[in-house]
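Hi,

Here is the structure I promised to pass on. Please look it over, then read my notes below.

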Amino acid sequence: MSKTYHLAIVGATGAVGTELIRLLEQRGFPVDSLKLFASARSNGKILTFRGTQIPVEVLTEEGLAGVDFALFSAGASTARSFASAAAKGGATVIDNSSAFRMESDVPLVVPEINPQDAAKHRGIIANPNCTALIALMALYPLHKAFRVKRVIAASYQAVSGAGARAIAELDAQSRAHASGEEVKPEVFPHPIAFNVVPQVGNF
Ligand SMILES: NC(=O)c1ccc[n+]([C@@H]2O[C@H](COP(=O)([O-])OP(=O)(O)OC[C@H]3O[C@@H](n4cnc5c(N)ncnc54)[C@H](OP(=O)(O)O)[C@@H]3O)[C@@H](O)[C@H]2O)c1
């Protein structure tokens, strides 16, 4: 029999978490069990995986016990609070946040570039920032062929990079704008529909 795994997605209700659930389904990943975690705001919310309804649980250290792989996409502070405990409990943590990217004992892995480094992990594997990751798909072949010494880059972030609430805000504002209604910014400091805001993160 082929091996199957106990998985957890931390940040399951978010933009990345939702996509992770879809990818596990699409790729037929050998999942034995799947636990879905988010904040107290989502406690009891029902998400569907392969036709099975799974209630979202509030993240706790105990909840992560017995998990083989914990896929974290819940921001850096959640990762800092829970990833080490999950790793000590035996899980391999794959973290999408910035929490461990600069840690010397945490491999920063791009599957298309250094997949072998994933094997060097001590419980936590980090992913690069999404803009860097996508730029590297073009830069790495150039680097291999010509050796890149320096890159000057300007990035234009998608609204989706700011998470599920930001995507909902763009949708709601676009509809409001089209109907001539007032647009109320909540996630972004200014209206985002039909606009560009020259700021990412906090100054
Ligand atoms: N969006 C992208 O394109 C992208 C790409 C690569 C990496 N990332 C990184 O991935 C992480 C998540 O991004 P996102 O865009 O998916 O954000 P998001 O849509 O805002 O989702 C955040 C998720 O984290 C959960 N969460 C927040 N605080 C928590 C807590 N204290 N305990 C447990 N769960 C908590 C949220 O739960 P609730 O729903 O209950 O609030 C939600 O499920 C961030 O570190 C981000 O930088 C994002």
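Y5, F29 and F69 form one aromatic cluster. This is a predicted model, where local features need pLDDT of at least 70, side-chain atom pairs count only at pLDDT 80 or more, and totals for chains, interfaces and linings use all residues. Residues are numbered from 1 along each chain as its sequence is written, and side-chain values use heavy atoms, with hydrogens and water left out.

Back to the rings. Searching the whole structure gives two aromatic pairs. Rings of Phe, Tyr and Trp (its six-membered ring) pair if their centres lie within 6.5 Å; planes under 30 degrees apart are stacked, over 60 edge-to-face, and the rest tilted. The Y5 and F29 rings have centres 6.0 Å apart and planes at 40°, so this pair is tilted. Y5 is in strand β1 and F29 in the loop between α1 and β2, 24 residues apart. For Y5 and F69, the centres are 5.4 Å apart and the planes at 65°, so that pair is edge-to-face. F69 is in strand β6, 64 residues from Y5.

How accessible is Y5? Y5 is partly exposed, at 22% relative accessible area. F29 is partly exposed at 29%, and F69 is partly exposed at 23%. (Buried is under 20% relative accessible area, exposed over 50%, partly exposed in between, with a 1.4 Å probe and protein chains only.)

Now the sheet. Six strands form an open, parallel sheet in the order β5-β2-β1-β6-β7-β8. Strands (E, at least two residues) and helices (H or I, at least four) are DSSP runs, numbered from the N terminus. Two strands pair if DSSP finds at least two bridges between them. β5 (57-58) and β8 (124-126) are at the edges with a single partner strand each, so one side of each has no neighbour in the sheet. Two bridges join β2 (residues 31-38) to β5. A38 has V58 as its bridge partner in β5.

Last, the cores. A nonpolar core is a set of buried Ala, Val, Leu, Ile, Met, Phe, Trp, Tyr and Cys residues joined through side-chain atoms within 4.5 Å. The largest has 20 residues, and L64, A70, F72, V93, F100 and I124 have the most contacts inside it. β1, β6, α2 (76-88) and β8 each supply at least two residues of this core. α2 gives the most, with five. A second, separate core of 15 residues includes V31, L34, L36 and L47.

Best wishes
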